[in-house]
Amino acid sequence: MEPDERPAAAEGGVAAYTIRSIRADEWPAAKELRLAALQDPVAHLAFLETYERAVEQPDSFWRERAAGAAEGVKDRQQVVAEAPDGRWAGSVVVLVEEAGSEGAFGGVNLVRQGHLVAVYVRPGERGRGLAERLFAYAVEWAREVAGVERVRLFVDERNGLAEAFYRRFGFVPTGESAPVPGDPGARELEFVLVGN
């Protein structure tokens, strides 16, 4: 899949951003964006990883993480929104889950599916359509390149803003849920993409 390089409709407009898969050698940018995401006020609801743990990881960890989700990898892909100045404004990761394998929160996957995780857009970039463009690219990659039958994600039941975005994009709740790791009193709700 080629990067989305449509010309900007207006200076600084969302169309000026390139939506693309990362390259393995871009691990420093992937690290910087992930650490920024983990410092977001709702990071405790959106991510299963903490900033304190991530910042202690050696560079080899970040190199391997980027290489494992870079262009050309068929079972995982990190998609970024790159600003005209080269700064990454947001990201989403697609995990390919095979039918018959164990699911992210237990159970067995019934079909080959894409699982969207690590969704983040920098605060100053939100509300401009970047999340929609990231999701569109990620879903297209999952369906056309990875050949999945279904695209899903999980959202913490306390993360209403994220849930509202997912619903607007076309995700609907399946009725399935799982306890939040480390917080059994809270639930992760499964959503699946319909249409599109």
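Colleague: In which hand does H5 cross H6?

Modeller: H5 passes H6 in a right-handed crossing, where right-handed means the near helix is turned clockwise from the far one by less than a right angle, and left-handed anticlockwise. This is a predicted model, so local features need pLDDT of at least 70 and side-chain atom pairs count only at pLDDT 80 or more, while totals for chains, interfaces and linings use all residues. Residues are numbered from 1 along each chain as its sequence is written, and side-chain values use heavy atoms, with hydrogens and water left out.

Colleague: What angle do H5 and H6 pack at, and how far apart are their axes?

Modeller: Helix H5 (residues 130-145) and helix H6 (residues 160-169) pack at about 55°, with axes 11 Å apart. That makes H5 oblique to H6. Angles under 35 degrees count as roughly parallel, over 145 as roughly antiparallel, 65 to 115 as roughly perpendicular, and the rest as oblique. Helices here are DSSP runs (H or I) of at least four residues and strands (E) of at least two, numbered from the N terminus. Axes are lines fitted to C-alpha atoms, for helices over the stretch in contact, and the angles run from 0 to 180 degrees between N-to-C directions.

Colleague: Which residues meet there?

Modeller: From H5, Ala131, Glu132, Phe135, Ala136 and Val139 meet Phe165, Tyr166 and Phe169 of H6; contact means heavy atoms within 4.5 Å. By class, the contact of H5 with H6 has seven nonpolar, no polar and one charged residues. Ala, Val, Leu, Ile, Met, Phe, Trp, Tyr, Cys and Pro count as nonpolar, Asp, Glu, Lys and Arg as charged, and the others, Gly among them, as polar.

Colleague: How many aromatic pairs are there?

Modeller: The count comes to ten aromatic pairs. Rings of Phe, Tyr and Trp (its six-membered ring) pair if their centres lie within 6.5 Å; planes under 30 degrees apart are stacked, over 60 edge-to-face, and the rest tilted. Phe135 and Phe171 have ring centres 6.1 Å apart and planes at 85°, so that pair is edge-to-face.

Colleague: Where do Phe135 and Phe171 lie?

Modeller: Phe135 lies in helix H5 and Phe171 in strand E6 (residues 171-180), so the pair ties together parts that are 36 residues apart in sequence. Phe135 is buried at 1% relative accessible area, and Phe171 also counts as buried, at 1%. Buried means under 20%, exposed over 50%, and partly exposed in between (1.4 Å probe, protein chains only).

Colleague: What about Phe165 and Tyr166?

Modeller: Phe165 and Tyr166 form an edge-to-face pair, 5.8 Å centre to centre with 65° between the planes. Both are buried. Ring pairs link Phe135, Phe165, Tyr166, Phe169 and Phe171 into a cluster.

Colleague: Switching to H1, how does H1 sit against H4?

Modeller: Helix H1 (residues 27-37) and helix H4 (residues 59-67) pack at about 100°, with their axes 9 Å apart. H1 and H4 are therefore roughly perpendicular to each other. The contact takes Trp27, Lys31, Arg34 and Leu35 from H1 and Asp59, Trp62, Arg63, Arg65 and Ala66 from H4. These divide into four nonpolar, no polar and five charged.

Colleague: Which residues of H1 are buried?

Modeller: Trp27, Ala30, Leu33, Arg34, Leu35, Ala36 and Ala37.

Colleague: Last one: is Asn159 buried or exposed?

Modeller: Asn159 counts as buried, at 9% relative accessibility. Asn159 lies in the loop between strand E5 (150-156) and H6. Leaving aside neighbours within four places in sequence, Asn159 is in contact with Leu45 and Ala46.
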